[in-house]
Amino acid sequence: MRIGTIEVTSRLWIGTGGLSSLATLRDVIDAADPGLVTVSMRRSSDLGPSGLIALLRERHVDVLPNTAGCLSAREAVRTAQLGREALGTSLVKLEVIGDERSLLPDVVGLVSAATELVADGFTVLPYTTADPVVARRLVDAGCAAVMPLGSPIGSGLGITDPSAIERVRAAVDVPVVLDAGIGTASDAALAMELGCDAVLAATAITRAEQPVAMAKALRLAVMAGHRARAAGRIPRLTEARPSSPMAGRAAL
Amino acid sequence: MKILVNGDPREVPTPCSLGELVPHRSGVAAALNGNVIRGMDWDHTALSDGDAVEVLTAFQGG
C-alpha cells in the first residue's frame with residue numbers, strides 16, 4: 001500500500017502511548033511488525049532527542065508523527081511542522097480535537113488544517129469521524145488517506161457503526177485506515193472485512209494484559225480480515241440454505 | 001537576558017542564538033514565540049529578552 005511517497009507493507013499500524021517501558025515497546029514492535037508507528041511531539045526536558053527516536057531507528061520502522069491533543073487547526077499545523085523538523089518525515093497523522101471529553105474530531109478545523117498542510121508539502125492522514133461527506137472533503141483537500149474512528153479513542157468499543165465505515169470506504173479512492181476504538185482482534189478483522197486498507201491500534205495493545213501477545217493477535221487478525229475481504233463473504237440470508245444435496249437420499 | 005524555555009524561565013548570555021541554546025540538530029524541533037524555526041536557521045536566529053522557546057522531541061503517544 002502506498003501512502004504518499006512511502007510504500008507501507010504491513011496493514012497493522014500501532015500507537016505507542018501507554019506502555020511502561022521502551023523495552024516492552026520494542027517487543028511490541030517486533031510482534032506487530034507495524035507498517036507505521038505513531039508518536040506525539042512533546043517538550044524535551046534536556047533539549048535533546050528522546051530514547052524513543054533511537055529505538056524506532058534501531059527497529060527500522062517508519063514513523064508517523066501525530067498532532068494528538070491539538071485543540072485548534074493553528075496548533076495542529078504548527079505541531080505537524082515541528083514533527084517534520086524533528087523526524088525528517090512529511091507524513092502527519094492530523095488530529096484536531098473538538099471536545100476534550102469525547103476526543104471527537106473538529107472536522108471543520110480538520111479540513112482547514114489539512115488544506116494548509118497539503119499546501120506546505122505534507123502527506124496528510126486525518127483522524128476523522130466515520131462520515132463519507134467529511135471523508136470526501138478531506139480527499140478534495142488533498143489528504144493521502146482518511147482515518148475514520150470506529151468508536152471513541154481508548155474506549156475499546158470496537159466499530160459501533162460498521163455501515164458508516166462501509167460508506168466511507170465507498171466514498172473515497174484513497175486508503176481508509178480504521179483509527180480508534182479497536183478493543184481486540186475481532187474488531188481489527190471486522191475493519192478489514194468492511195474494506196479498510198489498514199488498522200491503527202494503540203490502546204488495544206498498550207493497555208492489554210499482555211501487550212506483546214495482543215500485538216501478535218492483532219497482526220494475525222488484520223491479515224485474516226484482509227484476506228476474507230478479498231475472498232468475498234457469502235450473502236446474509238434470512239433462512240437456511242442446505243449445504244448437502246437433497247437429491248439422492250436413501251429411502252429409509 | 002531572561003527567556004522562557006519550554007515554559008520555564010532561564011537566564012542566557014547576550015547574545016545567544018537558538019543554535020547555541022539547543023545543541024542538538026537531530027530528533028528535536030524548535031519554535032520561537034510560536035513560530036517553527038527550521039534547523040538550518042537556528043544559528044542565525046538571535047534570541048531576545050522575553051522570548052519563548054519551545055523545544056520538542058518525539059514521545060510515546062497516539
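Tutor: Before we start, here's one idea we'll need: two residues are in contact if their C-beta atoms, placed from the backbone, lie within 7 Å. Also keep in mind that this is a predicted model.

Student: Okay! Which residues of helix α1 in chain A are buried, and what covers them?

Tutor: Helix α1 of chain A covers residues 22–32, and its buried residues are L25(A), V28(A), I29(A) and A32(A). Looking down the axis of α1(A), you'd see those buried residues fall within an arc of 100°, so they line one face of the helix. As for the cover, from chain A it includes β3 (12–14), β4, α2, α8 (203–206) and α9 (211–231), and from chain B it includes β5.

Student: Is D33(A) buried, partly exposed or exposed?

Tutor: Count the neighbours: a residue is buried with 20 or more other C-beta atoms within 10 Å of its own, and exposed with 12 or fewer. D33(A) has 15, so it sits in between. Leaving out residues up to four places away in sequence, D33(A) touches S10(A) and R219(A).

Student: How many residues of β4(A) are buried?

Tutor: β4(A) has 7 residues, and it is largely enclosed by the rest of the structure. One neighbour is strand β5 of chain A (residues 63–65), which runs parallel to β4(A) and is joined to it by 3 bridges. In that pairing, V37(A) stands opposite V63(A). The number of buried residues in β4(A) is 5.

Student: Which residue of chain B stands opposite V39(A)?

Tutor: Here we cross over to the other chain. β4(A) is joined by 5 bridges to strand β5 of chain B (residues 52–60), and the two run antiparallel. The residue in β5(B) opposite V39(A) is Q60(B).

Student: How many residues does each chain bring to the contact between A and B?

Tutor: On the chain A side, the elements that give two or more residues are β4 (37–43), α2 (51–58) and α3 (73–87). That side divides into 14 nonpolar, 10 polar and 5 charged residues. The totals are 29 residues from chain A and 21 residues from chain B.

Student: What is the radius of gyration of chain B?

Tutor: Chain B has 1 helix and 5 strands, running β-β-α-β-β-β from the N terminus on. For its 62 residues the globule rule gives 11 Å, and the chain comes close to that, so it is as compact as a globular protein of that length. Its C-alpha trace spans about 40 × 25 × 20 Å along its principal axes. The radius of gyration of chain B is 12 Å.

Student: Last one: which element gives the most to the largest nonpolar core?

Tutor: That core has 96 residues, and L94(A), V177(A), A188(A), V199(A), A201(A) and L218(A) have the most contacts inside it. Take A201(A): leaving out residues up to four places away in sequence, it touches L12(A), I14(A), I182(A), A188(A) and L218(A). In soluble globular proteins, nonpolar side chains tend to be buried together. The element that gives the most to this core, with 7 residues, is α3(A).

Notes: Residues are numbered from 1 along each chain as its sequence is written. Chains are lettered from A and ligands numbered from 1 in the order in which they are written. This is a predicted model: local features need pLDDT of at least 70, side-chain atom pairs count only at pLDDT 80 or more; totals for chains, interfaces and linings use all residues. Helices (H or I, at least four residues) and strands (E, at least two) are DSSP runs, numbered from the N terminus. Ala, Val, Leu, Ile, Met, Phe, Trp, Tyr, Cys and Pro count as nonpolar, Asp, Glu, Lys and Arg as charged, and the others, Gly among them, as polar. Two strands pair if DSSP finds at least two bridges between them. The radius of gyration is taken over C-alpha atoms; the globule rule is 2.2 Å times the number of residues to the power 0.38. A nonpolar core is a set of buried Ala, Val, Leu, Ile, Met, Phe, Trp, Tyr and Cys residues joined through C-beta atoms within 7 Å. The arc is that of the directions from the helix axis to the C-beta atoms.
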